[in-house]
Amino acid sequence: MKKKESSILNLCIGACITAMAFILFENCKVDVKNNPISKNIQKVEKLFGFVKAEHHFDTYNLGFDQNLGELLLNQGISWDSIVKLDDISSDIFSIRKFRAKKPFTLVREDECDAPVCVVYEPNKLTYVKYFVKDEVKVDVVKKDFDLVEESASGIIETSLWDAMVKSGLDIDIIDKMEDALASSVDFWHVEQGDEFKLVFERKYIDGKAVANGEILAAAYKDSRGEHHAVFFENEKYAGFYDLKGNPTRSTFLRSPLKNSRISSGFNLRRFHPIKKRRIPHYGTDYAAPQGTPIFSVADGVIERASFTRNNGYYVKIRHDNIHQTQYLHMKKFAPGIKKGVRVKQGQVIGQVGMTGLATGPHVCFRFWKHGKQVNHRRLNFPPKDPLPEEQMPEFLAQRDILISKLNSVYFPSEEQLIMGPALSEITTETNLPYEE
Ligand SMILES: [Zn+2]
């Protein structure tokens, strides 16, 4: 218990407004307590699912240097409930995940009593309710939003980023466009005068843009010509195709070995068996006997075929402007595998071993996207082949609608911007009563 308590007290998140809130809590008048609640409310207005007229809401922004346990304690929540909450929330949405600068709201039934619920808003689309009065429990709620189709365009003067921002676009739309066009456009070498157009979705709550949705169509014009990506969804895959129905993204094999067993998955909280401490595992381990052939999961160019103390013999391959893969602990490389060599999907690049930091023969497979290691088993890879014949009429119909939408998008000129303010500007706006 002692250990648990001190660990909660050590949560360095908290808010700098505790003192102020505490005074408010202390000063409230007792006579409000027994106010009868009007039963004749016609339209029941709710906030976070609580009837507005029957509850009191105090919203705070978390600051950097205070701990949450202390803060809740100061608000009249019992230590027992806080410990229980810490425990129960850990599998759902841990109170330890509260982040500075994110709003949370204390909900009271009575102005003078302890809160019945703490509501945390990790993003504009979700809130998490921590009930602390009778039964301690956690409820994650996804808000309803309106999906609105929008368009944007830009001409590159300095960088793609500048052009996007000038067009009122958010950084994650840049990523999505790069993703959609990854195999046809070289986004590492964009040039002045390149043009892009997009049709995409935005999520709105109460008329305010809160997040970007998916790109529906993208066109990019560079010195090599015009490239298109059109969104289409069938039972196997939801993603991008070119105008002829070929997937625009390169595809990847699900695993670098045949008939292998996953011995350890991608896990950011893994306990390391050799180092005996918590070290994130940025790869997926496939166990197989020594000497089992390892193949490249996609076409690409070998960036590295070398040795380090931890990785042992390993190979790293670049597949396109976004994706790289890496294969660790090899026994040896296949003949001819060295830096700069082109490989095909399915080509053998080495053999399973246990060189470097490994307890048994396996390949630690790592998948890099935009220079960051991600869990490839969560990614949605396109099929290798074009759309089947019988789906073409449906695809072509959708393609034509989307392309005509793209064609009706104008390029921004100095006077006339197609879009409103950047999403980042919209979402930083805040109406919180207390701010540091
Ligand atoms: Zn591994």
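**Exercises on a zinc-bearing chain**

At 6% relative accessibility, Asp285 counts as buried, where buried means under 20% relative accessible area, exposed over 50% and partly exposed in between, with a 1.4 Å probe and protein chains only. The model is predicted, so that local features need pLDDT of at least 70 and side-chain atom pairs count only at pLDDT 80 or more, while totals for chains, interfaces and linings use all residues. Residues are numbered from 1 along each chain as its sequence is written, and side-chain values use heavy atoms, with hydrogens and water left out.

**The chain as a whole**

*Task.* State how many helices and strands the chain has, and what share of its residues is buried.

*Solution.* Begin with the secondary structure, in which helices (H or I, at least four residues) and strands (E, at least two) are DSSP runs numbered from the N terminus; the chain has eight helices and 22 strands. Then turn to burial, which applies to 47% of the 436 residues. Finally, look at the contacts, meaning heavy atoms within 4.5 Å: among those between residues at least 6 apart in sequence, 66% join residues at least 24 apart.

**The zinc ion**

*Task.* Find which residues coordinate the zinc ion, and decide for each of them whether it is buried or exposed.

*Solution.* First list the donors, which are N, O and S atoms within 2.8 Å of the metal (3.2 Å for Na, K and Ca), bearing in mind that water is not among the atoms and that sites may look incomplete. The zinc ion is held by His281 through NE2, Asp285 through OD and Cys364 through SG, at 2.0 to 2.3 Å. Next place these donors along the chain, where their spacing reads H-x3-D-x78-C. Then check their accessibility: His281 counts as buried because its relative accessibility is 3%, Asp285 is buried at 6%, and Cys364 is buried with a relative accessible area of 2%.

**Helix 7**

*Task.* Work out where the buried residues of helix 7 lie around its axis, and what covers them.

*Solution.* Start with the length of helix 7, which covers residues 392-407, has 16 residues and reaches 22 Å from its first C-alpha to its last, close to the 22 Å expected at 1.5 Å a residue; the expected span is 1.5 Å times one less than the number of residues. Its buried residues are Met392, Phe395, Leu402, Ile403 and Leu406. Seen down the axis of helix 7, these buried residues fall within an arc of 105°, so they line one face of the helix, the arc being that of the directions from the helix axis to the C-beta atoms. The face turned away from this buried side carries the exposed residues Pro393 and Glu394. To finish, ask what lies over the buried residues of helix 7: the cover includes strand 9 (195-205), strand 10 (208-222), strand 11 (225-233) and strand 12 (238-241).

**Strand 17 and its partners**

*Task.* Describe how strand 17 pairs with strand 16 and with strand 18.

*Solution.* Two strands pair if DSSP finds at least two bridges between them. On one pairing, strand 16 (residues 300-308) is joined to strand 17 by seven bridges and the two run antiparallel; Ala305 has Val315 of strand 17 as its bridge partner, and the hairpin of strand 16 and strand 17 leaves three residues between them. On the other pairing, strand 17 and strand 18 (residues 323-333) are antiparallel over five bridges, with Ile317 opposite Thr325 of strand 18 and four residues between the two strands of this hairpin. Strand 17 itself, residues 312-318, is mostly covered, five of its seven residues being buried.
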